[in-house]
Amino acid sequence: MGSEKKNLLKKEILDYYVTIGHLYNLVLKASDIDDALHKGLKVMDETFSVDALILWYKKKEESCLRPYFWYGPLDITSQTAKIGEGYVGECFSLGKAIKKLEYKKGDDSFS
């Protein structure tokens, strides 16, 4: 690996640690969980330079996921994600986060 690539990797790792520290401080100072999540999404948007960020939730009595908080240009209030389908549903089924910074149309299944 070339030195320029190593330096970029080091900077990316450092940026993640700075972001984690910033998020930690937001949580400590937040008035409630909603305040922490809302401010946290803004920090993540600034760090990753993405078009949108979404946090999903599932109620015990429902069989789909719904957006809880989002940061982006679209109103997704009525959107749902099927469990086990697409990236969102797969994350829920596996109980693991998936880092997805590139998205192609058709990559996910929303209704």
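User: What percentage of the 111 residues in the chain do buried residues make up?
Analyst: The structure is a predicted model. A residue counts as buried when its relative accessible area is under 20%. Of the 111 residues in the chain, the buried share is 19%.

User: Which pattern of helices and strands does the chain follow along the sequence?
Analyst: The chain contains three helices and three strands. Read along the sequence, these elements follow the pattern α-α-β-β-β-α.

User: Are helices α1 and α2 roughly parallel or roughly antiparallel?
Analyst: Two packed helices are described by the angle between their axes and the distance between the axes. Here, the axes of α1 (residues 3-29) and α2 (residues 33-48) come within 9 Å and cross at roughly 165°. Angles over 145 degrees count as roughly antiparallel. Therefore the relation of α1 to α2 is roughly antiparallel.

User: Is the crossing of α1 and α2 left-handed or right-handed, and which residues of α2 make the contact?
Analyst: The crossing in which α1 passes α2 is right-handed. On the α1 side, the contact is made by Tyr16, Thr19, His22, Leu23, Leu26 and Val27. On the α2 side, the residues are Ala36, Lys39, Gly40, Val43, Met44, Thr47 and Phe48.

User: How many nonpolar residues does the contact of α1 with α2 have?
Analyst: Sorted by class, this contact of α1 with α2 includes four polar residues and one charged residue. The number of nonpolar residues in the contact is eight.

User: What distance does α2 reach from its first C-alpha to its last?
Analyst: Helix α2 has 16 residues, and the expected span at 1.5 Å a residue is 22 Å. The model is close to that expectation, since the reach from the first C-alpha of α2 to the last is 22 Å.

User: Against which elements do the buried residues of α2 pack?
Analyst: In α2, the buried residues are Asp35, Ala36, Gly40, Leu41, Val43 and Asp45. These buried residues pack against α1, β1 (53-57) and β2 (64-71).

User: Why does alanine 36 count as buried?
Analyst: Alanine 36 has its place in helix α2. The cut-off for a buried residue is under 20% relative accessible area. Alanine 36 therefore counts as buried, because its relative accessibility is 10%.

User: With which residues is alanine 36 in contact, leaving aside its neighbours within four places in sequence?
Analyst: Alanine 36 and leucine 23 are 13 residues apart along the chain, and their C-alpha atoms are separated by 8.2 Å. Leaving aside neighbours within four places in sequence, the residues in contact with alanine 36 are Val27 and Ala30.

Technical notes: Residues are numbered from 1 along each chain as its sequence is written. This is a predicted model: local features need pLDDT of at least 70, side-chain atom pairs count only at pLDDT 80 or more; totals for chains, interfaces and linings use all residues. Side-chain values use heavy atoms; hydrogens and water are left out. Axes are lines fitted to C-alpha atoms, for helices over the stretch in contact, and angles run from 0 to 180 degrees between N-to-C directions. Helices (H or I, at least four residues) and strands (E, at least two) are DSSP runs, numbered from the N terminus. Angles under 35 degrees count as roughly parallel, over 145 as roughly antiparallel, 65 to 115 as roughly perpendicular and the rest as oblique. A crossing is left-handed if the near helix is turned anticlockwise from the far one by less than a right angle, and right-handed if clockwise. Contact means heavy atoms within 4.5 Å. Ala, Val, Leu, Ile, Met, Phe, Trp, Tyr, Cys and Pro count as nonpolar, Asp, Glu, Lys and Arg as charged, and the others, Gly among them, as polar. The expected span of a helix is 1.5 Å times one less than its number of residues. Buried means under 20% relative accessible area, exposed over 50%, partly exposed in between (1.4 Å probe, protein chains only).
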